[in-house]
Amino acid sequence: MAPQLANALVISLTKRMNKFRLNRKKEHLSLASQRFRCSFTALYGDIHLPHNCLTTINPTDTDLSTNICGIIVKTPLYINAITGGALISELVNRQLAILAKKFSLPMAVGSQVASLNNSSLRFTYQVARKYNPQGLLIANLPATASVKQAQGAVEMIDAQILQLFLNPAQEFIMAEGDPVEVNLLENVAEICATVSVPVIIKEVGFGISAKAATSLAGAGVKAIDVSGWGGTNFAWIEGCRNPSSWWKPFTAWGLPTPICVADVVHNGPNIQVLASGGVDDGIRALKCLCLGAVAVGSAGGILRQLSKGLAQGEKYLEDYLHQVRVGMALMGKRTLPELAQVPLAVTGRFKELIEQRGIDPQFYSRRGN
Ligand SMILES: Cc1cc2nc3c(=O)[nH]c(=O)nc-3n(C[C@H](O)[C@H](O)[C@H](O)COP(=O)(O)O)c2cc1C
């Protein structure tokens, strides 16, 4: 094939792919704003926090600071990767950045792949830095990205951390999805060894097991965001975009978030665990923190509120953080590290599933007494 013809073909294919990506981003925002309902629960109800009627701590005494990849942050809640690339994404990222600044929340932008091929889309991500110049920003790319793309994504928004995401279930259900790559772990290792900031690995709502976390820690990631089942459901979102219906049973596929946190903390490597996937309120956040997560992320929960207006997003975050403070005070705990020692009663499917992972439920119920 003549080089000019090959070039023209590549350009036309890239344009088509970008168009697909932009439409996909818009459809994701719209579908994720609707709540996916499933008859299973995300198991948060099987974890029972201890009440301390003799507490001496008031909600205003609590200290919510934590550290993510060695960076001290004022709250354990971060806005997880949602969007970028499409015009509507600029508005969403602007509003998220305003909220991130107001509540001192770290914020991840959505996958930056689209903007690496098309520089005219960069403003849809850079708006997050523009509206929150001093904030902790997290760049985002698929784990299949190249080292050059990874460094480019970090520099584009002056990010302090890079997230790489794993999403095989989403790709398999997506009509235009990509096949998995055999050298994924080597690729992650190369990025971790080269890029100028710490790397977090995350799923997109199907969870990360202790076994996978061990391999990923070996590749050099600094933290695992388990992003488990129980919140935004990409089997359902991609299924709705797919004309067929074979995907329907896969809406129940995945590892529930609290199971992932318990599994990775107990059976995984000695590495920071971040919890996301349905961590939609302060009580769920507390449960994940008590299981050993150092911070919690929310994507769909914030997005659903923001779709009702910025004021609603603000109210949601204010309530969320207040719930965390009140819950800590009612357990008699002032700081987040203390939460990992509180006794927890665990019941039902959560108890059964951790037992099958070799975790004695009495580890939780007897500690801190
Ligand atoms: C509309 C939407 C778009 C998303 N896009 C990305 C993305 O580009 N990159 C990524 O790593 N995760 C992406 N996610 C996944 C979230 O970061 C998160 O892992 C997942 O939604 C589970 O958390 P949640 O239940 O709080 O939504 C997206 C989520 C939503 C709701």
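Modeller: The ligand is surrounded by 26 residues, the closest being Ser 111, Phe 165, Gly 231, Thr 232 and Gly 300; a residue counts as near when its C-beta atom, placed from the backbone, lies within 6 Å of the molecule. Elements giving two or more residues to this shell are α1 (3-33), β7 (161-165) and α12 (300-306). Here helices (H or I, at least four residues) and strands (E, at least two) are DSSP runs, numbered from the N terminus. By class, the shell holds eight nonpolar, 17 polar and one charged residues; Ala, Val, Leu, Ile, Met, Phe, Trp, Tyr, Cys and Pro count as nonpolar, Asp, Glu, Lys and Arg as charged, and the others, Gly among them, as polar.

Please keep in mind that this is a predicted model: local features need pLDDT of at least 70, side-chain atom pairs count only at pLDDT 80 or more, and totals for chains, interfaces and linings use all residues. Residues are numbered from 1 along each chain as its sequence is written.

Another helix to look at is α11 (residues 282-290): eight of its nine residues are buried, so the rest of the structure largely encloses it. Buried means 20 or more other C-beta atoms within 10 Å of the residue's own, with C-beta atoms placed from the backbone. Among those buried are Arg 284, Lys 287 and Cys 290. Just after α11, Gly 292 adopts a positive phi of about 120°.

Across the chain, which has 16 helices and 12 strands, buried residues make up 47% of the 369 residues.

Notes:
A residue is buried if 20 or more other C-beta atoms lie within 10 Å of its own, exposed if 12 or fewer, and partly exposed in between; C-beta atoms are placed from the backbone.
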